[in-house]
Amino acid sequence: MTALFVIFAIFAQTSTRMNKEQFLLKACRLGIIKFGNFTLKSGIPSPFYIDLRPLASSPELLKELSKFLLNSLQDSDFELICGVPYAALPMATAMSLESGIPLIIKRKEAKGYGTKKMLEGIFHEGQTCVLVEDVITSGKSLIETIDEIEKEHLKINDIVVVLDREQGGVALLKNKGYKVHTLFNISEVIDILHKHGQLAQEEVLRIKNFLAEKPEVKVSPEKRLKYEEKLAFQQHCAGKKLLKTAVQKKSNLIASIDVTTSEKILELAEEVGDNVVAVKLHTDIISDFSDDFISKLKKIAEKKNFLLFEDRKFADIGNTQQLQFEKGIYKISSWADLITSHAIAGEESLKVFGEKTAVVIIAEMSSKGALTDEHYKNQVVALAKKSENVIGCVAQSQLPENLLLFTPGVNLTSAGDAKGQQFNTPEKVITELATDFIIVGRGIYASADPKASAEKYQKAGWEAYLCLIGK
Ligand code: 5BU
């Protein structure tokens, strides 16, 4: 009998069951959600604390929960059920008993004796397994569990989660190609409790503000993903090209060629082209911009294998941005692989850049006194995660792993200029922020020997990266 048939059969006989809302209200009486001021394991403050383990002590609710979880998997087919230890173990067990689909047990640590197996139970290579999790936050612990299960040659397509804390985990797993089914998200829980008079309006507002700010669970830089791993969940073709180029050329360097004549730009592009993944331009500072210049630059980019990045920093309503992107003398849309844009005009304004060009939005600026504070950055990051054509952000602090981080304000010999720019070294931004790409302007184009400087920045950037990933 297939999983689909079993699940359908369960629901056919349970028309008198409690609904999701009733279930939640009963479950909350067990104290599974507390409100107040808490500090999570990751060090982040939180106005609520969730612990679904008490559900295991209510056979009635555990049984009901298992039916809801199975129901959310109605369109999925699987041959095994596995819970992420420990909180999801009773849930997975109940699902197995309810559906008749076999359970396997994932250990937290391998046994120190005997077979040293991480997975217990009866299974064979190639079988599909659904993973059950109680609460999803960043998704990191789920990824570790998935890796261990996949090492045993089982296939995971679906993950079912009771509660999503809305802190990036679902997006991370979806980006990796998994189907994530969530029973509740925290906003929904807050609304239901408020509707039933169990949560005061002020508390609702406090929590919603906290959720809007989405404080990201920081991934320690030592655990950063390699470019090859980021490539696996990069959806955008220009984003893929950028990551592939980094691996091929062993470079995370973007040269910002901020000079004002086409001739000088072409000369510098020839000189530093072998060392960079992209050349960044400000076309509106070029005194003799022409279509001919762009076609020559494109040829160099093809020959030297780098991308073209226009740092236009769009900051207008969608309609105007579209005109600035496609028209005028620069016709940016016809040649730029990547562009920068502010996100100040909101989500819709970013859609006008289409699918072909990758958009990098500005979350934080490098200059002294920049108004891009943490609240602003968090909102930009939330937008970046939602927008399909956005591959990452320009920022001076860490980003969630599924966004690429571009950091300007990088210089090996200077701490800043007299106009507010602040510089850090490649080592600092790569090891402390886990930056994916360093952007260097004057450190290269204004040096006595741009080629030698580009080599120096390429080496410094790549060595810091290798050091970080432990090679
Ligand atoms: P520099 O010469 O290394 O300071 O050049 C840095 C480049 O990066 C320059 O083109 C800036 O316009 C760009 N930049 C920046 O420096 N800081 C920022 O926050 C952003 C862009 Br966004």
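Where is the place of Y86? I found Y86 in the loop between β3 and α4 (89-99). I am working from a predicted model.

The bond joining P85 and Y86 is cis. I read its omega as about -10°. Next I went to H153, which sits in the loop between α5 and β7. Its phi is near 65°. That is a positive value in a residue other than glycine.

**Entry: domains**

I checked the domain assignment next. It gives domain 1 (3-212) and domain 2 (221-468). The C-alpha centres of domain 1 and domain 2 are 39 Å apart. I then asked how many residues each domain brings to the contact. Domain 1 gives seven residues and domain 2 gives six.

**Entry: the open sheet**

I traced an open sheet of six strands. I noted the order as β5-β4-β3-β6-β7-β8, and the pairing is mixed. Which strands stand at the edges? They are β5 (119-120) and β8 (179-185). Each has a single partner strand, so one side of each is left without a neighbour in the sheet.

I followed β8 to its partner. Strand β7 (residues 158-164) is joined to β8 by six bridges, and these two strands run parallel.

**Entry: the barrel**

I moved on to a closed barrel of eight strands. It runs β9-β10-β11-β12-β13-β14-β15-β16, with parallel pairing. From one strand to the next, the twist averages 25°.

I picked one pair to inspect. Two bridges join β15 (residues 404-407) to β16 (residues 437-440), and the two strands run parallel. Which residue of β16 does T407 stand opposite? I found I438 there.

I also checked helix α13 (residues 318-326), which packs on the sheet. This helix touches β11 (307-314) and β12 (338-341). Its direction makes about 145° with that of β11.

**Entry: the second largest pocket**

I finished with the second largest pocket. Its volume is about 680 Å³. I counted 28 residues in the lining. Nearest the centre of the pocket lie A171, N175, K385, K386 and N402. Which elements give two or more residues to this lining? They are α6 (169-175), α15 (374-386) and β14 (390-394).

I sorted the lining by residue class. It divides into nine nonpolar, ten polar and nine charged residues. I then went back to the domains. The lining draws at least three residues from each of domain 1 (3-212) and domain 2 (221-468).

Notes. Residues numbered from 1 in each chain as written. Predicted model: local features only at pLDDT ≥ 70, side-chain atom pairs only at ≥ 80, totals over all residues. Heavy atoms only, no water. 1 Å grid on protein atoms, 1.4 Å probe; cavity = no way out; pocket = protein on both sides within 12 Å on 5 of 7 lines; lining within 4 Å. Points joined across faces, edges and corners; volume = space filled by probe spheres on them. Helix = DSSP H or I, 4+ residues; strand = E, 2+ residues; numbered from the N terminus. Nonpolar A, V, L, I, M, F, W, Y, C, P; charged D, E, K, R; others polar. Domains from an automatic or database assignment. Pairing = 2+ DSSP bridges. Contact = heavy atoms within 4.5 Å. Axes fitted to C-alpha atoms, helices over the stretch in contact; angles between N-to-C directions.
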